[in-house]
Amino acid sequence: MKLNIAVLPGDGIGPEVTAQALKVLKAIAMEFNHVFTFKTALLGASAIEQTGNPLPEETIDCCEKADAILFGAIGNTSYDLDPNAKIRPEQGLLGIRKALGLYTNIRPIISYEDLLNKSSLKVKQIKDTNILIYRELTGGIYFGKRTLSENGNTASDTCEYNRFEIERIAHLAFKSAQSRKQKLTLVDKANVLESSRLWRRVVQEIALQYPKVETHYMYIDNAAMQLIINPKQFDVILTENMFGDILSEEASVIVGSIGLLASASIGDKHAMFEPIHGAYSKAANKGIANPIASILSAAMLLDHFGLNDEAALVREGVDKSLKLHITTPDLNTKYDNITTTKVGDFIEDFIHNPDETNLNFTNIHLGQSTII
Ligand code: IPM
Ligand code: MG
């Protein structure tokens with residue numbers, strides 16, 4: 001298959017984790033005879049530095065022409081500490097999501113057998129967790145009207161949704177639930193918010209078209225608690241933009257590190273694949289950033305094009321790296337010399353040689369592998 005992939009490394013740890021995902025995609029292309037071409041474009045703080053614009057026109061153009069987009073991370077602490085900044089890196093990410101119509105963000109939350117003891121939660125609670133969060137990505141309070149009064153003392157952000165925006169993601173979430181454990185939970189705040197009551201009304205109607213799916217309704221405050229107490233009760237979670245942002249980050253505690261969580265942002269014409277973590281500027285260029293979220297985002301990209309064997313091989317490589325403790329410090333207690341690049345090298349090598357005869361699998365323990 002021929003794929004043109006736009007690469008937006010972004011800020012902070014974005015470039016170094018994305019570099020590992022690219023290694024992995026190149027290894028897949030080689031092993032499976034695909035032709036992947038990559039074109040890099042600017043986004044976020046790095047784009048502001050070079051062009052004054054967090055989302056330059058050339059970036060939109062490059063993404064529109066691509067078959068898929070691989071995005072790294074966005075943000076910079078200097079902007080975080082300056083609430084008066086008019087131009088912000090995040091405008092780049094929100095802008096590209098909107099410009100490409102990426103209205104559905106899918107975030108898998110899957111616990112790994114080998115990492116159960118890395119979570120601060122109890123093993124018996126998190127074992128076998130497998131949730132898909134469907135987060136609406138181009139509406140709600142992220143994109144509603146904002147105001148700031150002249151004297152600067154009053155501000156507002158509007159959370160607005162229309163029926164169409166809810167319907168299109170709800171259908172995708174119900175279809176997904178149908179092919180899984182047939183359970184969908186709408187998370188909202190319908191006891192308070194009018195926009196949430198619209199979500200509930202529309203989802204109740206759509207649920208009738210999916211009679212095999214058991215539909216549940218839960219308030220966000222309760223869902224935040226239930227996710228920690230008993231994550232296994234969830235199959236597909238459907239929710240609006242900001243609730244999804246918060247819940248998915250909370251859910252990373254179940255998996256063991258936010259550095260493991262990947263996502264796919266899908267629209268009718270375009271698709272972007274992005275780790276759910278931020279730019280973590282303090283960790284940039286130290287070799288400590290976990291590249292697995294980016295590598296698993298690349299696996300989601302492969303799945304999106306029906307390259308399921310390829311995606312499965314990438315995931316096997318990730319599993320193997322976790323099993324052998326070839327992981328960055330956020331997860332590792334066994335080795336202290338495993339960098340972002342080494343994790344990428346290991347998974348790349350796995351793709352070329354996944355057989356148990358691969359000496360890197362055994363020699364790591366002897367300190368004699370060619371990777372570590
Ligand atoms: C995410 C991030 C972004 C969001 C930020 C960087 C704008 O937190 O993808 O979860 O809030 O959507
Ligand atoms: Mg977030």
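**Exercise 1.** Find how far an oxygen atom of ligand 1 is from an N or O atom in the side chain of D245.

*Solution.* The distance to the D245 side chain is 2.9 Å, a polar contact in the sense of a pair of N or O atoms within 3.5 Å. The model is predicted, and local features need pLDDT of at least 70, side-chain atom pairs 80 or more. Residues are numbered from 1 along each chain as its sequence is written.

Next, take the arginines. A polar side-chain atom of R107 is 3.0 Å from an oxygen atom of the ligand, and for R135 the distance from a side-chain N or O atom to a ligand oxygen is 2.8 Å. Finally, the protein covers 83% of the 320 Å² of accessible area (Shrake-Rupley method, 1.4 Å probe) that ligand 1 has on its own.

**Exercise 2.** Determine how helices α1 and α13 are oriented to each other.

*Solution.* Helix α1 spans residues 14-32 and helix α13 residues 340-352. Their axes (lines fitted to C-alpha atoms over the stretch in contact) are 9 Å apart, at an angle of about 10°. Angles under 35 degrees count as roughly parallel, so α1 and α13 are roughly parallel to each other.

The contact (heavy atoms within 4.5 Å) includes V17, V24 and I28 of α1 and I347 and I351 of α13. By class, the contact has seven nonpolar, five polar and five charged residues.

Definitions and conventions: Chains are lettered from A and ligands numbered from 1 in the order in which they are written. Side-chain values use heavy atoms; hydrogens and water are left out. Axes are lines fitted to C-alpha atoms, for helices over the stretch in contact, and angles run from 0 to 180 degrees between N-to-C directions. Helices (H or I, at least four residues) and strands (E, at least two) are DSSP runs, numbered from the N terminus. Angles under 35 degrees count as roughly parallel, over 145 as roughly antiparallel, 65 to 115 as roughly perpendicular and the rest as oblique. Ala, Val, Leu, Ile, Met, Phe, Trp, Tyr, Cys and Pro count as nonpolar, Asp, Glu, Lys and Arg as charged, and the others, Gly among them, as polar. A polar contact is a pair of N or O atoms within 3.5 Å; within protein, one must be able to donate a hydrogen and the other to accept it, and residues adjacent in sequence count only if both atoms are side-chain atoms.
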